[in-house]
Amino acid sequence: MTLMTNSELLKSKITECGIPITFLADKIGITREGLYNKLNGKTEFKASEIAALTKVLNLSNAERNKIFFAN
């Protein structure tokens with residue numbers, strides 16, 4: 001099963017939170033380029049990264065599911 005990240009929704013949450021991409025990438029343990037690759041669908045988010053993003057962006061379970069586990 002391939003997980004489809006709702007990148008647009010994730011990008012809007014990042015913007016809404018006002019968190020710089022470089023800071024966010026550092027918080028989840030990847031490079032800025034690595035985060036951009038994931039945001040643009042070139043690579044997939046790991047479970048640990050999803051957990052970290054959920055915490056940093058203060059996502060509810062429903063928001064997390066809508067962003068990371070959309071079909």
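H1 and H5 sit oblique to each other in this predicted model. Their axes cross at roughly 135° and come within 7 Å. On the H1 side, Leu 9, Leu 10 and Lys 13 make the contact, and H5 brings Glu 63, Lys 66, Ile 67 and Phe 68 to it. Sorted by type, the residues of this contact come out as four nonpolar, three charged and no polar.

Now over to H3. Its buried residues are Gly 34, Leu 35, Lys 38 and Leu 39. Looking down the axis of H3, you'd see them fall within an arc of 135°, so they line one face of the helix. What do the buried residues of H3 pack against? Their partners are H1, H2 and H4.

Here are the helices mentioned so far, with their residue ranges:

| Helix | Residues |
|---|---|
| H1 | 7–17 |
| H2 | 21–28 |
| H3 | 32–39 |
| H4 | 47–56 |
| H5 | 61–68 |

If you skip the neighbours within four places in sequence, Lys 38 is in contact with Ser 7, Ile 30, Thr 43, Glu 44, Phe 45, Lys 46 and Glu 49.

Past the end of H3 comes Gly 41, and its phi is positive, near 75°.

Note on methods
Residues numbered from 1 in each chain as written. Predicted model: local features only at pLDDT ≥ 70, side-chain atom pairs only at ≥ 80, totals over all residues. Heavy atoms only, no water. Axes fitted to C-alpha atoms, helices over the stretch in contact; angles between N-to-C directions. Helix = DSSP H or I, 4+ residues; strand = E, 2+ residues; numbered from the N terminus. Parallel < 35°, antiparallel > 145°, perpendicular 65-115°, else oblique. Contact = heavy atoms within 4.5 Å. Nonpolar A, V, L, I, M, F, W, Y, C, P; charged D, E, K, R; others polar. Buried < 20%, exposed > 50% of the residue type's maximum accessible area, 1.4 Å probe, protein only. Arc of directions from axis to C-beta.
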